[in-house]
Amino acid sequence: MSRESQTALPGKPAQPELPGKLPEHLRTELIAFRRDLHMHPELGHQEFRTTAAIKARLEKAGLRPRVLASGTGLICDIGTWDGERPMLALRADIDALPIPDAKTNVPYRSTVPDRAHACGHDVHTVTVLGAGLVLADLDRKGLLPRPVRLLFQPAEEVLPGGATEAVACGVLDGVGRIIAVHCDPRVDAGRIGLRAGPITSACDRLEVSLDGAGGHTARPHLTTDLVTAAARVAIDVPALLSRRMDARAGMSITWGRIEAGHACNVIPMHAELSGTVRCLDLNAWHEAPDQIHAAIDEVATMHGAKFEINHVRGVPPVVNDPVITELLREAMAARCGAESVEDTEQSLGGEDFSWYLEHVPGAMARLGVRTPGDTAKRDLHRGDFDVDESAIAVGVEFFTAAALLDGRRARPIG
């Protein structure tokens with residue numbers, strides 16, 4: 001009788017341990033690869049160095065990656081697709097953010113001014129890369145039950161997201177389901193967070209311009225007081241919408257910029273506001289533009305201001321498929337035990353992974369990157385964001401387990 005270690009889920013028979021563990025030499029290499037990416041962050045549609053580095057490593061492993069028509073990002077198939085059983089895709093985003101790296105105590109701090117991997121895309125990239133290298137080795141040994149596609153996507157941070165262009169490039173041709181991870185600094189390394197159904201929110205960009213006759217601050221009654229008008233738009237529009245839309249839709253307008261005037265005694269002729277619109281509910285997201293336009297019209301008109309609205313549609317919510325979410329739960333349990341999976345709430349953050357789910361079912365997991373016991377707050381999109389690099393091995397083995405379990409289930413019966 002085999003003495004191979006086994007894992008068991010509650011109510012399910014024990015199964016032999018899955019192959020595809022990350023070898024130590026590759027773990028070390030992936031950490032170095034991640035640090036190199038972290039030192040050389042590139043913004044959306046500019047990820048040429050990043051794309052070249054990924055391509056070179058895959059080619060070194062004997063694979064045939066294909067750069068997307070947009071010039072950055074690439075796909076790479078592990079195994080040979082038979083044209084019938086759809087593949088599983090593992091997706092990573094590869095772009096950085098236009099913010100300075102505020103870390104001062106690490107040797108891999110960004111070398112590019114005002115650019116940083118402050119959302120963990122460097123980690124996403126190496127987990128998919130590492131999974132691809134491990135799965136390629138299993139394929140050579142005849143242990144990969146089904147081909148898998150690696151997808152390294154550019155421009156996730158650029159609304160409406162590089163996923164739309166990637167889909168147009170044909171990255172989903174032959175793909176039947178897709179999975180991804182996103183770093184979560186609230187979850188300990190060695191764990192993942194899962195949720196069936198919506199796990200992120202819709203996110204749009206909203207820009208409002210106000211114009212009117214300015215003048216002397218001694219005579220505001222002879223002017224269109226645009227500073228007051230802008231202030232009322234900033235305060236009253238979100239308040240109005242909170243009473244005109246179902247509160248369960250979770251719609252939120254948050255302003256990130258208000259600009260008006262140049263002198264303390266001059267009422268300006270122009271003011272601008274910009275921010276984001278977020279919705280927990282997909283139907284509310286579709287309804288949002290009309291409701292927002294009506295509220296701005298009402299408030300701006302009351303103050304005599306002319307207005308223009310630029311509502312840039314972003315991304316719908318990521319809605320995790322329940323069956324694939326359960327696959328991810330079983331994959332993580334097989335690697336790290338059932339206790340390594342925790343339930344997570346829906347976030348108000350946006351993610352263009354949602355665009356893939358308009359075409360194929362899929363799911364996204366939250367990859368824990370917090371060092372256990374660390375009480376410091378290192379939120380996403382902050383210059384001091386960093387990760388516990390032990391999460392890289394966890395992500396790689398999570399992806400490989402999901403690919404193996406999915407491939408085995410997809411085999412024809414008999």
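The conversation below takes these features in turn.

Mentor: Before we start, note that this is a predicted model, in which local features need pLDDT of at least 70 and side-chain atom pairs count only at pLDDT 80 or more, while totals for chains, interfaces and linings use all residues. Residues are numbered from 1 along each chain as its sequence is written, and side-chain values use heavy atoms, with hydrogens and water left out.

Trainee: How much space lies in the largest pocket?

Mentor: Rolling a probe the size of a water molecule over the atoms shows where empty space is left. On a 1 Å grid over the protein atoms alone, a pocket is an open set of points with protein on both sides within 12 Å along at least five of seven lines, a cavity is a set where a 1.4 Å probe fits but cannot get out, and lining residues have an atom within 4 Å of a point. Grid points are joined across faces, edges and corners, and a volume is the space filled by probe spheres set on the points. Here the largest pocket holds about 1,000 Å³, and of its 40 lining residues the closest to the centre are E157, R278, G349, G350 and H381.

Trainee: Which elements give two or more residues to that lining?

Mentor: They are β7 (175-188), β10 (202-211), β12 (252-260), β14 (270-279) and β18 (362-370), where strands (E, at least two residues) and helices (H or I, at least four) are DSSP runs numbered from the N terminus. The largest share, five residues, comes from β7.

Trainee: Which residues line the largest cavity?

Mentor: The largest cavity, with a volume of about 40 Å³, is lined by H45, L68, S70, P154, A155, G162, E165, A166 and C169. These divide into five nonpolar, three polar and one charged.

Trainee: Which residues have a positive phi although they are not glycine?

Mentor: Most residues other than glycine have a negative phi, and most peptide bonds are trans. H45, which also lines the largest cavity, has a positive phi of about 70°; this residue is found in the loop between α1 (24-39) and α2 (48-60) and is partly exposed at 34%. D114 has a positive phi of about 60°, lies in the loop between β5 (87-93) and α3 (121-140), and is partly exposed with a relative accessible area of 44%.

Trainee: Where is P160 found, and is its peptide bond from L159 cis or trans?

Mentor: The peptide bond from L159 to P160 is cis, with omega near 0°, and P160 is found in the loop between β6 (148-153) and α4 (162-168).

Conventions
Ala, Val, Leu, Ile, Met, Phe, Trp, Tyr, Cys and Pro count as nonpolar, Asp, Glu, Lys and Arg as charged, and the others, Gly among them, as polar. Buried means under 20% relative accessible area, exposed over 50%, partly exposed in between (1.4 Å probe, protein chains only).
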